[in-house]
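Hello,

Here is the structure I said I would pass on. Please open it first, then read my notes below.

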Amino acid sequence: MPDTMTDVIEELVIANRILSHEGVIDAFGHVSVRHPADPNRYLLSRSRSPLLVEPDDILEFKLDSEPVKRTSTRLYSERVIHGCIYQARSDVMAVCHHHAPAVMPFCVSGKPIVPVFHVGATLGEQMPFWDQANEFGDTNLLVVKPEEGQSLARALGRQWVVLMRRHGATVAGASLKEVVSRSIFLCQNAEYQMKAYLLGAPTPLRPGEVKLAGSINVMPSVVARTWEYWSMRLQAAGLWPPQVKAPGEAEAKPVAAGSAPAGEKKKRV
């Protein structure tokens with residue numbers, strides 16, 4: 001868990017860039033985190049391509065998805081997705097909405113995504129579909145009204161992923177790093193499931209496997225390993241955000257003046 005608000009903001013910036021670099025969100029899509037000290041608020045970037053998000057872009061919102069401080073900057077039109085899910089689920093600490101290419105064929109066809117491999121178990125046994133037209137008729141497919149966000153939150157229910165017909169997916173998590181993992185695993189699972197259709201009907205994980213493997217793959221040690229891996233990939237690609245500590249920098253402890261570096265024995269005089 002991040003120690004300070006600065007750490008939370010930096011982690012959210014990194015999450016934006018990881019999700020973009022790993023092919024989950026492109027120019028569109030967004031990820032948020034619940035405020036660490038006030039559960040009735042959340043943090044989300046201003047309207048900007050996620051790969052470009054920097055610390056100064058992060059804003060604070062109330063659960064009605066209005067900014068805490070008045071601003072003239074452009075905001076994501078679909079931010080009600082985040083506020084409504086936080087209102088409905090006290091256990092959700094982070095939310096990601098995206099239109100990943102790996103997931104879209106399922107959203108277009110209405111064919112369900114089922115967990116088919118080990119880390120896919122983090123998606124849960126069921127991923128409900130939400131069709132905006134069922135309640136609201138013809139729309140521009142954006143979730144911009146509170147009643148639309150509330151309807152989506154009801155469709156999510158107690159699950160962690162909801163697929164949106166002809167639109168994309170919304171993913172929830174018990175932490176920001178967990179929602180990043182689950183969002184990426186959703187795309188990997190969709191790719192494997194699609195490829196498995198070439199060989200025959202994919203066989204989903206058994207319910208017991210989903211429960212056992214799912215709990216393992218959201219353990220802090222596992223989530224930390226995947227976060228480290230995706231962070232290093234981001235840095236290696238030259239996409240690390242400015243004004244944010246590089247991987248490993250936070251753990252590095254400065255050597256006190258006059259003391260020998262770690263691992264070196266002090267010479268006798």
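**Salt bridges and cores**

Glu11 has a relative accessibility of 15%, so Glu11 counts as buried, the cut-off being under 20%. Keep in mind that this is a predicted model.

Glu11 has a charged partner. Its side chain meets that of Lys177 in a salt bridge, at 4.0 Å from N to O. Glu11 sits in helix α1 and Lys177 in helix α6, so the pair ties together parts 166 residues apart in sequence. Lys177 is partly exposed, at 25% relative accessible area.

The whole structure holds 15 salt bridges. Here are two others.

- Arg233 and Glu22: their side chains meet in a salt bridge at 2.8 Å, N to O. This pair also links distant parts of the chain. Arg233 is in helix α8, Glu22 is in the loop between α1 and β1, and they are 211 residues apart. Arg233 is partly exposed at 35% relative accessibility. Glu22 is partly exposed too, with a relative accessible area of 21%.
- Arg154 and Glu135: the closest N and O atoms of this salt bridge are 3.4 Å apart. Arg154 belongs to helix α5 (residues 146-156) and Glu135 to helix α4 (residues 133-136), so the bridge ties together parts 19 residues apart in sequence. Arg154 counts as exposed, at 53% relative accessibility. Glu135 counts as partly exposed, at 48%.

Now the nonpolar side. Which residues touch the most other members of the largest nonpolar core? They are Val103, Val180 and Leu186, out of 44 residues in that core. Several elements give two or more residues to this core: the helices α1 (5-21), α3 (104-109), α6 (176-196) and α8 (220-236), and the strands β1 (30-34), β4 (94-98), β6 (161-164) and β7 (168-173). Helix α6 gives the most, with eight residues.

Take a look at Val103. Leaving aside neighbours within four places in sequence, Val103 is in contact with His98, Ile113, Leu163, Ala169, Leu186, Cys187 and Ala190.

A second, separate core has 21 residues. Phe61, Ile85, Val143 and Met164 are among them.

Best wishes

Notes:
Residues numbered from 1 in each chain as written. Predicted model: local features only at pLDDT ≥ 70, side-chain atom pairs only at ≥ 80, totals over all residues. Heavy atoms only, no water. Core = buried A, V, L, I, M, F, W, Y, C linked by side-chain atoms within 4.5 Å. Buried < 20%, exposed > 50% of the residue type's maximum accessible area, 1.4 Å probe, protein only. Helix = DSSP H or I, 4+ residues; strand = E, 2+ residues; numbered from the N terminus. Contact = heavy atoms within 4.5 Å.
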